[in-house]
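Biologist: Could we go through this structure together? I would like to begin with the charged pairs.

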Amino acid sequence: MVFAPSPLLTITLDTAPGGNTELHVHAGGQGHWIARMAANLGLDVTLTGAFGGESGGVLRDLIARENITVRAVDLGTESGSYVHDRRDGERTEIATIDPPPLARHALDDLFGLALECGAGADIALLGGPHTDRVVPPDFYRRLCSDLRSLGTPVVADLSGDTATAALAGGLTVLKMSHEDLIEDGRADSEDPDDLVGAMRSLHEEGAETVVLSRAAEPALALVDGTVFEVITPPLEQTDHHGAGDSMSAGIATGLAHGASMEEALRLGGAAGTANVTRRGLGTGQRGLVDTVARSVEVRPFRP
């Protein structure tokens, strides 16, 4: 089960090889990108989220086409969306419509739906809301606590107040980027000693395992008190966006299949690496991920 509280309809203008303008319409949002990669890696994925209006109807159809089962709560208004222009090689925002905060009854329905789907799943993956207004942070605390009470492992790719709340509920794995860790005030700098100290604090707050992506540097993982680094092959990047989401999906896929944490980290590192070779978030092919995984090394970290 992937919890995606606020999927987005994305519309992008791009330049075709012949110079003409292309229009791309896709489903987006962190939770959906995680779900897409998990489905690509062979998991039977159910995405739970809030959808509404014309954009919500298009979103549900687009996600279902990606071999993902959609379980939806009605927003009562339009889903979030954005329009970007990439024709000059950079992402330029033309328009953004943020998803609205969920009303009380919609929140209750979404919580019940996520708990129902998560309780019957091998693993639950939690993505963050598009804005802090969609669901209150305590929603994540309750969901994590109840899912784990029902025996479902929980992998979360979160930061800020939602991460703090999820930690209070308890997590099997918390994945975070080092930029978010610093922005949240949990680490003072990119210095490895600062990062490792912050990871240990996150473990004490409620995460059994903590995984920290570090952009071009090897990811770090705190597992049973030992810090490991995940060394991936240096493939040339086409687009780095979504690598962290793909890594989370790879880790969760490995755990759902009964892999050890080391094996799951290897698959996560490969999924993130495969994603950067493509345009499109969470779109790495399973065959490439499996191939790259054979070249990923997980070893004790020595600063």
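Modeller: This is a predicted model. The side chains of Arg-71 and Glu-116 form a salt bridge in it, with an N to O distance of 3.5 Å.

Biologist: Which elements do Arg-71 and Glu-116 lie in?

Modeller: Arg-71 belongs to strand β5 (residues 69-74) and Glu-116 to helix α3 (residues 104-119), so the pair ties together parts that are 45 residues apart in sequence.

Biologist: How many salt bridges does a search of the whole structure find?

Modeller: The search finds 12 salt bridges. Among them is one between the side chains of Arg-299 and Glu-229, at 2.9 Å from N to O. Arg-299 sits in strand β14 (residues 297-300) and Glu-229 in strand β13 (residues 226-231), so this pair ties together parts that are 70 residues apart in sequence.

Biologist: Which residues are linked with Glu-229 in a network?

Modeller: Glu-297 and Arg-299 are linked with Glu-229 in a network of salt bridges.

Biologist: What about Asp-61, which side chain does that one meet?

Modeller: Asp-61 meets Arg-65 in a salt bridge, 2.8 Å from N to O. Asp-61 counts as partly exposed at 39% relative accessibility, while Arg-65 counts as exposed at 65%.

Biologist: Changing topic to helix α5: which of its residues are buried?

Modeller: Helix α5 covers residues 160-169, and its buried residues are Thr-162, Ala-163, Ala-165, Ala-166, Leu-167 and Gly-169.

Biologist: What covers them?

Modeller: The cover over the buried residues of α5 includes α4, β10 (171-177), α7 (192-205) and β11 (207-214).

Biologist: Last topic, confidence. What is the mean pLDDT of the protein chain?

Modeller: The mean pLDDT is 91, and 95% of the residues in the protein chain reach 70 or more.

Biologist: Where is confidence lowest, and where is it highest?

Modeller: Confidence in the protein chain is lowest in helix α10 (residues 286-293), with a mean of 82. The highest value, 98, belongs to helix α4 (residues 138-149). Helix α4 is also among the elements that cover the buried residues of α5.

Terms used:
Residues are numbered from 1 along each chain as its sequence is written. This is a predicted model: local features need pLDDT of at least 70, side-chain atom pairs count only at pLDDT 80 or more; totals for chains, interfaces and linings use all residues. Side-chain values use heavy atoms; hydrogens and water are left out. pLDDT is the predictor's confidence in each residue, from 0 to 100. Helices (H or I, at least four residues) and strands (E, at least two) are DSSP runs, numbered from the N terminus. Buried means under 20% relative accessible area, exposed over 50%, partly exposed in between (1.4 Å probe, protein chains only). Contact means heavy atoms within 4.5 Å. A salt bridge is a side-chain nitrogen of Lys or Arg within 4 Å of a carboxyl oxygen of Asp or Glu.
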